[in-house]
Amino acid sequence: PGGERGREAFLAAIDGMIYGDDPRQGIIDGRTFRHPDLRIAFTAPAGYTMANSPQAVTIAGRGGQAQLSTAAFRGDLQDYVGRVFASLSGQGRAPAAQVRFPRVNGLEAAWATTRASSGRQAVDATVFAYATSPSTAYHFVLVTPAGQGVGPFAPLVDSFRQISAQEASQIRARVVDVVTVRPGDTPERLAQAMAFDDLKYERFMVLNGLPRGAALRPGERVKLVVYRR
């Protein structure tokens, strides 16, 4: 009590810090994931959440779970799907499953579904793979209730695409921007600078620990989340 809480030092330390995903690991924006370096994108089904890590992107919801990752590709998608299944089974061999070969957004693709078990529960396991170059492929592993196959993830697997260099260049990181409140500034006004399509005011208030309806004082410092310039 009565001591220095270090607020100014804290604000100085976080000014310019990345908020959310680093573009080098891909960006989740709403329901869409885009990776500027790998030049890929996809959109999760409505009602599903996404979590990003350097190893994989996980999509989860009441209808099952999906995960996007990659593996060594030798130019043969059927072989690729089989090797992914073999790695999942832990037995070093792929199940006998019919492999189908659609084209998705101009990409060669291959997928198959097999029955598996998750604990005591029977599930469908699907591997859906895409070749983006002669030496590069990506795949979703889908787990859904038995009998559903791709099921609720049909919009997901149909959305996988390559993005152009122009679209990739427009993917920017969000960063924390510490600003000083000027006379006439209100939470509603400052919140318009927030780098989000929705809930700008609500995000601003939570970010700054302010109750709904609170006013700002000229001279105080507040945090925004903006796109890195």
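Which residue in β7 is the bridge partner of T58? The close-up views below start there. This is a predicted model, where local features need pLDDT of at least 70, side-chain atom pairs count only at pLDDT 80 or more, and totals for chains, interfaces and linings use all residues. Residues are numbered from 1 along each chain as its sequence is written, and side-chain values use heavy atoms, leaving out hydrogens and water.

**View 1. Strand β7 and its partners.** The bridge partner of T58 is Q67 in β7. Strands (DSSP runs of E, at least two residues) are numbered from the N terminus, as are helices (H or I, at least four). Strands pair if DSSP finds at least two bridges between them; β6 (residues 57-61) and β7 (residues 64-70) pair antiparallel over five bridges. Six bridges join β7 to antiparallel β11 (residues 136-145), where V141 stands opposite Q67.

**View 2. Two aromatic pairs.** Rings of Phe, Tyr and Trp (its six-membered ring) pair if their centres lie within 6.5 Å; planes under 30 degrees apart count as stacked, over 60 as edge-to-face and the rest as tilted. The structure holds eleven aromatic pairs. Here, W111 and F128 are stacked, because their ring centres are 5.8 Å apart and their planes at 0°.

**View 3. N208 in its loop.** Look for N208 between α6 (200-207) and β14 (221-227). N208 is buried, at 15% relative accessible area (buried means under 20%, exposed over 50%, partly exposed in between; 1.4 Å probe, protein chains only).
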